[in-house]
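Trainee: Could you show me how to read aromatic contacts in a protein model?

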Amino acid sequence: MLMRLRHPPLLRGLLQTLALPLVLWLLLLGSQLNFAELFTPGTLATLGKFLADFFPPSRDAFFLKSLAEATITTVAVANLGMLLAFAIGAPLALLSSRVLLGDSPLLLAVLATPIRALLLLLRGVPELVWALLFVRVVGLGSPAALLALGLAYGGMLGKVYADILESGEAEPTQALLRNGSGRLQAFAYALLPNHAAELASYTVYRWECAIRSSVVLGFVGAGGLGQAMDSSMKMFAGGEVASMLLVFMALVALADRVSRWLREALA
């Protein structure tokens, strides 16, 4: 038995098994989460009252009109934000793709490295933080959410687009470049046909995420359903919050259905 325990892989596996509960315990301490507080009588009573206020959902005509306007704003922000993100991410992906730049050290140093750093900055700052910054710059409302989505998702699209383009066979593209083809021609005839479905699938997935994110951004004053829900919660209007949650769930379900249909059409 001692001889087996001295075997390096066996010892390493034993140490990892013992270390896992310790790491989880340290993470739980760091999170400062106390499960016991969730089940105290006071917490349960507060939760019960909070949920009871949701019924029945508000059906007031004036409120439903404002809810429809907020929903339209949310959908518009998500779509325009994705359009801005594509306008940012697609060109940057092409300019930073090592497959299209070839083996030129100058182009890699001048274009690929700085653009990859820019994409890291754009996607490294969460869209919620971008929205907080733009609320200070352009004021409350949907423009802040649109710009936040455009920058954050532009960084994500550019990074993933470039990775997708570099994930396949590079020989067809390099052959076109060696024979005098331009980089846009090499992209159109070699890279795009092989990766179009994957690029489109990821874009559709990001659009689906943008629908949800546009609601969250409203909680920092960036308009749409999120801002309306935040106002209703501050006024303890549980019925209005319930109606907004129902609309939000329907919106996400619709986005999921459209996303699935687009993926099937692309496949």
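Trainee: How many aromatic pairs does the structure hold?

Mentor: A pair of aromatic rings is described by the distance of the centres and the angle of the planes. Rings of Phe, Tyr and Trp (its six-membered ring) pair if their centres lie within 6.5 Å, with planes under 30 degrees apart counted as stacked, over 60 as edge-to-face and the rest as tilted. The structure holds three such pairs. This is a predicted model, in which local features need pLDDT of at least 70 and side-chain atom pairs count only at pLDDT 80 or more, while totals for chains, interfaces and linings use all residues. Residues are numbered from 1 along each chain as its sequence is written, and side-chain values use heavy atoms, with hydrogens and water left out.

Trainee: Why is the pair of Phe86 and Tyr161 called edge-to-face?

Mentor: Their ring centres are 6.2 Å apart and their planes stand at 75 degrees, so the pair is edge-to-face. Because Phe86 lies in helix H4 (residues 61-96) and Tyr161 in helix H8 (residues 142-167), the pair ties together parts 75 residues apart in sequence; helices here are DSSP runs (H or I, at least four residues), numbered from the N terminus.

Trainee: Is Tyr161 buried or exposed?

Mentor: Buried means under 20% relative accessible area, exposed over 50%, and partly exposed in between (1.4 Å probe, protein chains only). Tyr161, at 6%, is buried, whereas Phe86, at 41%, is partly exposed.

Trainee: Which kind of pair do Tyr202 and Tyr205 form?

Mentor: Tyr202 and Tyr205 form a tilted pair, 6.2 Å centre to centre with 45 degrees between the planes. Both lie in helix H10 (residues 183-217), three residues apart, which is about one turn of the helix.

Note on methods
Helices (H or I, at least four residues) and strands (E, at least two) are DSSP runs, numbered from the N terminus.
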